[in-house]
Amino acid sequence: ATLNTFDYLTFNSIIIFKYLLYHRSKGYLKKDVLMELLWPEDDPVKTAKRFHVALASLRKTLEPEITRGTPSSYISRSGDAYCIDIGDEGYVDIDNFKKELKLAKKTKDSEELIDHLLKAEAIYRGDFLEEDLYVQWCDEEREGFKEKYLQLLEEIIKYYHVKKDYKKCIYYANKYLKTDIYAESIYQLLMIYYSRIGNNAMVNKIFKKCKDNIIKGLDCPVSKETEKLYHELTS
């Protein structure tokens, strides 16, 4: 499919908005940085006009009633650099996600730890800017947040494992597999937890699911450890 002029302008405006929003802690970002983000192979002289048109479109989107020459309430300029201000009431979920992880890392109290981890888990709704799979600057950030999410799920599972709350262990292990279907160690844990609550049918089902996903997706067999665990739990 091809983008018409309106779609292309809207796409560029949205990318500028997302980039400024995510990097707003850095303060003002140079116009050259934003132009390179959108048109890395093009002549900066030619792309300067495109940039200002996209920026004007973004201002109009954020403030439909804004008139030409009126300063934006959200997009600030300093020379040839720009930043975004979301105000005191502004909310960015990824900031709260990072905040909860930071608080979890600081505490030594297990109850405070799980509270922060559960809050962070509830904030995470999927891959970072998953609609922008082909926007290069998102790739590293996306993988980084996914890794942090999987790590916090591991910590939550460990917490409930110690508490012997196997139903919650199962719940969060299944959440883990929704993000990483090849995590063989999580399949192993699921088989153990289902076995401990006496659900042998699910032990069989999880083992089959593990085999199917790994064979089809990774073109290799499950590990000997997984095979051995399955036979120990079902013998």
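Student: What makes E2 and strand E3 (residues 81–84) a pair, and in which sense do they run?

Tutor: Two strands pair if DSSP finds at least two bridges between them. E2 and E3 are joined over four bridges in the antiparallel sense, so they meet that definition. Strands here are DSSP runs of E with at least two residues, and helices are runs of H or I with at least four, numbered from the N terminus. This is a predicted model, in which local features need pLDDT of at least 70, side-chain atom pairs count only at pLDDT 80 or more, and totals for chains, interfaces and linings use all residues. Residues are numbered from 1 along each chain as its sequence is written, and side-chain values use heavy atoms, without hydrogens and water.

Student: Which residue in E3 stands opposite Ile 75?

Tutor: Ile 84 does.

Student: What makes E1 and E2 edge strands?

Tutor: The open sheet has the order E1-E3-E2. Strand E1 (29–30) and strand E2 (75–78) each pair on one side only.

Student: Why is Tyr 182 called partly exposed?

Tutor: Buried means under 20% relative accessible area and exposed over 50%, with partly exposed in between (1.4 Å probe, protein chains only). Tyr 182 has 34%, so the middle class applies. Tyr 182 lies in the loop between helix H7 (166–179) and helix H8 (184–196).

Student: Which residues is Phe 97 in contact with, leaving aside neighbours within four places in sequence?

Tutor: Contact means heavy atoms within 4.5 Å. The partners of Phe 97 include Ala 120, Phe 145 and Leu 152.
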